[in-house]
Amino acid sequence: MPITKQDILEQLERITDLEPDQINRLAWCDGAVQVTIEVIGDNAQQQRMRQKVKTAIEALGPEVRQIAIEVATPHGQESAPGSNQPKAADGNPLPNVRQIVAVGAGKGGVGKSTIAVNLAVGLSRQGATVGLLDGDIYGPSIPTMLGINHLEVQSRDDRFLPFEAHGIKTISMGCLVEDDKPLIWRGPMAHGAFRQLATQTNWGPLDFLVIDLPPGTGDVPLTMSQLLPLTGAVIVCTPQKVAQDDAIRALAMFRQLGVQVLGVVENMSYFVGNDLVEYDIFGRGGAQFMAEKQSVPFLGDIPINMRLRQNCDAGNPTANFEGQDPLATALPALVEHFQTQVQANQGQAKPTISVH
Ligand code: ADP
């Protein structure tokens, strides 16, 4: 039987780290195949994928006499300087979302997800319509923090229906996979996973979409910055010098991706004991100092607080805003400063991108 275009597609589908949406164009005529694939990554990664595609097509036998493979960088990455934000605005996949804000950190364990959750809940308590996208596809903790880890994602018309909890809408990879399975994503798969969560969720109109990023400077922030027209990013940092060093790297990454840094949050800043004495455990003011040095706004400090940890584990962030302790004061203040920063950012020229 002569080879058909479908046969070629099936061959390509066997390449485990090539998602169907990475195949941009496929033409088959008279023994000649022309295919365009999208690959995030450096030259070496692109060449590896090119070779895999070639091998997969060659396996169809001698009827294939000519193979032309074009490797494109997703979403016009190649036309980098100055192009990121306008491109996203042109083809904005989330036109009903007014402000998209990423929460990032240079390293894990500094309270990035905690701040993302509380920022989202705090904005909602001020009357905003808020979505929270768990973009930490490697270690999703939002389901636990919102108490939805036992629920299954429902979909309608090929789109995920977000969960509604604590006044916000949310979606997470953690609700789509089994708890004990490792989440191993190669670059292009991470790209596909993030893209699907972000754009195939039926968010409805939102004032804010808060995105909890994975820690560090990997694939997801890159995909995000190319896919979505971001208002800006918040960086979470603990006061210690080592945490500052990593936060500076995250800051540099956002700048390189053309994402406005809305400000730095100093988490685990201090601890207030039962004796009402403030204990400076990690070096209070370190992240604030770093923010000033880097010329980015400081959004506030959040104390080390047992209620915060307990409420996060119990999936009850609303309770963080209730009570009389420093936490109940610090969280609304953070939300307030964040809002001020977003407003200040409106109308400012977007920075240009320099991805290579
Ligand atoms: P990350 O997202 O940076 O990896 P998480 O937000 O998951 O960090 O926080 C790690 C742990 O630290 C969680 O158990 C969380 O409840 C706890 N935690 C975060 N911030 C605080 C804080 N200010 N006080 C007490 N516990 C906190």
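Ala, Val, Leu, Ile, Met, Phe, Trp, Tyr, Cys and Pro are counted here as nonpolar, Asp, Glu, Lys and Arg as charged, and the others, Gly among them, as polar. The structure is a predicted model, in which local features need pLDDT of at least 70 and side-chain atom pairs count only at pLDDT 80 or more, while totals for chains, interfaces and linings use all residues. Residues are numbered from 1 along each chain as its sequence is written.

**Figure 1. The shell around the ligand.** The ligand is surrounded by 18 residues, a residue being near a molecule if its C-beta atom, placed from the backbone, lies within 6 Å of it. G111, K112, S113, T114 and C312 are the closest. By class, the shell consists of eight nonpolar, eight polar and two charged residues. At least two residues of the shell come from each of helix 4 (112-125), strand 12 (261-272), strand 14 (298-304) and helix 10 (306-314). Helices (H or I, at least four residues) and strands (E, at least two) are DSSP runs, numbered from the N terminus.

**Figure 2. The largest nonpolar core.** This core contains 87 residues, and V210 and I235 have the most contacts inside it. A nonpolar core is a set of buried Ala, Val, Leu, Ile, Met, Phe, Trp, Tyr and Cys residues joined through C-beta atoms within 7 Å. A residue is buried if 20 or more other C-beta atoms lie within 10 Å of its own, exposed if 12 or fewer, and partly exposed in between, with C-beta atoms placed from the backbone. Helix 4 gives the most to this core, namely seven residues. Both domain 1 (5-72) and domain 2 (84-345) contribute at least three residues to the core.

**Figure 3. The surroundings of I235.** Leaving aside residues up to four places away in sequence, I235 touches G104, A105, A247, A250, L251, V261 and V264. Two residues are in contact if their C-beta atoms, placed from the backbone, lie within 7 Å.

**Figure 4. The contact between domain 1 and domain 2.** The chain is divided into domain 1 (5-72) and domain 2 (84-345), with bounds from an automatic or database domain assignment. Nine residues of domain 1 are in contact with nine residues of domain 2. On the side of domain 1 that touches domain 2, the residues comprise three nonpolar, three polar and three charged. A distance of 37 Å separates the C-alpha centres of domain 1 and domain 2.
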